[in-house]
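Visitor: I have a new chain on my screen. Can you walk me through it?

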Amino acid sequence: MDSDDLISVDEISHLQSLSKEDLVGRIVELTREKKELWKKLDTNSVAEQQSDRTNACNLDCKPSVENNSWNDLDDGMNKKAGEGSGRTKKQKSFDFTRYHRRHIAIKMAYLGWDFHGFASQESTENTIESHFFAALSKACLIENRADCNYSRCGRTDKGVSAFSQVVSLDVRSNLTEGLGLITSGDHEKVQKRIGM
């Protein structure tokens, strides 16, 4: 516990002086406040996830960074012409219709000590699967989880590591032929991109 989490002696003596009905009323009030806070967290989380889905993949596939510009994180060596002039370019969203997809299997290993298991959970974002999908989205390999035909072989509990976990999913591919290829619905854009 942090020192901020500790209850002062005055607060303890005040709680001890309350009647049973007063304590029940206080519990009901705190439960109501907790539910309101969870609702706020859920609405903020949903809003952030929606903005992350629309902003996660741009032409450079760079993450949106709050409170810092991408240049602040860079060492200054990778500046493009026109940067630093005060004008900001609007990032275009990544066009997945320009690419085919490929169904692949990924064999992964992870140390789960600091995570809440493998499978995504509503109560926390600190799972292996959540971080895995965040990385796939950041790299513009998937548009969203619902459309990637995702399947996993199993899951682990909180704090458990795995050394041969297998998942399968559809990812963006530059290849135009081969096993597992799922052709894009927009053939013109694909042919234009590959120069045909």
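Visitor: What share of the residues in the chain is buried?

Guide: Buried residues make up 20% of the 196 residues in the chain. Buried means under 20% relative accessible area, exposed means over 50%, and partly exposed is in between, using a 1.4 Å probe and protein chains only.

Visitor: Anything to know before we go on?

Guide: This is a predicted model, where local features need pLDDT of at least 70 and side-chain atom pairs count only at pLDDT 80 or more, while totals for chains, interfaces and linings use all residues. Residues are numbered from 1 along each chain as its sequence is written, and side-chain values use heavy atoms, with hydrogens and water left out.

Visitor: How many helices and strands are there?

Guide: The chain has five helices and four strands. Their pattern along the sequence is α-α-α-β-α-β-β-β-α. Helices (H or I, at least four residues) and strands (E, at least two) are DSSP runs, numbered from the N terminus.

Visitor: Which residues touch the most other members of the largest nonpolar core?

Guide: Phe118, Phe132, Phe133, Ile142, Tyr150, Val167 and Leu169 do, out of 14 residues in that core. β1 (100–110), α4 (128–138) and β3 (162–173) each supply at least two residues of this core. A nonpolar core is a set of buried Ala, Val, Leu, Ile, Met, Phe, Trp, Tyr and Cys residues joined through side-chain atoms within 4.5 Å.

Visitor: What does Val167 touch?

Guide: Not counting residues up to four places away in sequence, Val167 touches residues including Ile104, Met108, Phe118, Phe132 and Tyr150. Contact means heavy atoms within 4.5 Å.

Visitor: On to α4. What do its buried residues pack against?

Guide: They pack against β1, β2 (151–152) and β3. Among them are Ile128, Phe132, Phe133 and Leu136.

Visitor: Why does Ser130 count as buried?

Guide: Because its relative accessibility is 13%. The Ser130 side chain also makes a polar contact with the side chain of Ser120 (3.5 Å). A polar contact is a pair of N or O atoms within 3.5 Å; within protein, one must be able to donate a hydrogen and the other to accept it, and residues adjacent in sequence count only if both atoms are side-chain atoms.

Visitor: New topic: Trp113. Buried or exposed?

Guide: Trp113 counts as exposed, because its relative accessibility is 62%. Trp113 sits in the loop between β1 and α4.
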